[in-house]
Amino acid sequence: MARVQLVIPDEDRDRFVHQARSEGMTLSAWLRAAARRRLEEQQQAHPFESPADLEEFFSACDALEGPGREPDWQEHLAVIDESRKRDASKT
């Protein structure tokens, strides 16, 4: 088994040790588990291989948002302006 030396701020070490103990683990075991989880999360993300994959992704995202629509930029600006006018009158 390989040994790895890690340089971290004392505050982080204390927080990591506290969390590891609360989970019934040693710091070493907790760090290994955290690293494995990070690898698993990264390996689950697959890059788009074609423009069709990208279109499929955005179509799926659009379906999740529901029937509403995103306000256009002019609508956002109107809301911002109205908010600024209300705040300006309070001064």
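Asp12 and Arg15 sit 3 residues apart in helix 1, about one turn of the helix. Helices here are DSSP runs of H or I with at least four residues, numbered from the N terminus. The model is a predicted one: local features need pLDDT of at least 70, side-chain atom pairs count only at pLDDT 80 or more, and totals for chains, interfaces and linings use all residues. Residues are numbered from 1 along each chain as its sequence is written, and side-chain values use heavy atoms, with hydrogens and water left out.

The side chains of Asp12 and Arg15 form a salt bridge, with 3.3 Å from N to O. The term stands for a side-chain nitrogen of Lys or Arg within 4 Å of a carboxyl oxygen of Asp or Glu. Asp12 is partly exposed at 22% relative accessible area, while Arg15 is exposed at 52%. For these labels, buried means under 20% relative accessible area, exposed over 50%, and partly exposed in between, using a 1.4 Å probe and protein chains only.

Helix 1 itself covers residues 10–22, and its 13 residues should span 18 Å at 1.5 Å a residue, which agrees with the 18 Å between its end C-alpha atoms. The expected span is 1.5 Å times one less than the number of residues. After helix 1 comes Gly24, with a positive phi near 70°.

## The other salt bridges

The structure has 3 salt bridges. One of them joins the side chains of Arg13 and Asp14, at 3.4 Å from N to O. Arg13 is partly exposed at 41% relative accessibility, and Asp14 is partly exposed too, at 44%.

Glu82 and Arg86 also meet through their side chains, at 4.0 Å from N to O. They are 4 residues apart in helix 4 (residues 73–89), so about one helical turn separates them. Glu82 is partly exposed at 41%, and Arg86 is partly exposed at 47%.

## The largest pocket

Arg13 turns up again here, in the lining of the largest pocket, along with Met1, Ala2, Arg3, Val4, Gln5, Leu6, Ile8, Leu27, Ser28, Leu31 and Arg32. On a 1 Å grid over the protein atoms alone, a pocket is an open set of points where a 1.4 Å probe fits, with protein on both sides within 12 Å along at least five of seven lines; lining residues have an atom within 4 Å of a point.

The pocket holds about 430 Å³ of space, where volume is the space filled by probe spheres set on the points. Helix 2 (residues 27–44) gives the largest share of the lining, 4 residues. By type, the lining has 7 nonpolar, 2 polar and 3 charged residues. Nonpolar covers Ala, Val, Leu, Ile, Met, Phe, Trp, Tyr, Cys and Pro; charged covers Asp, Glu, Lys and Arg; the others, Gly among them, are polar.

In one of them, the ring centres of Phe57 and Phe58 are 5.2 Å apart with planes at 70°, so the pair is edge-to-face. Rings of Phe, Tyr and Trp (its six-membered ring) pair if their centres lie within 6.5 Å; planes under 30 degrees apart are stacked, over 60 edge-to-face, and the rest tilted. Phe48, Phe57 and Phe58 make up one aromatic cluster. Phe57 is partly exposed at 38%, as is Phe58 at 45%.

Glu56 belongs to helix 3 (residues 51–65) and is exposed at 57% relative accessibility. From Glu56 to Gln5 is 51 residues in sequence and 44 Å in space, C-alpha to C-alpha.

Terms used
Helix = DSSP H or I, 4+ residues; strand = E, 2+ residues; numbered from the N terminus.
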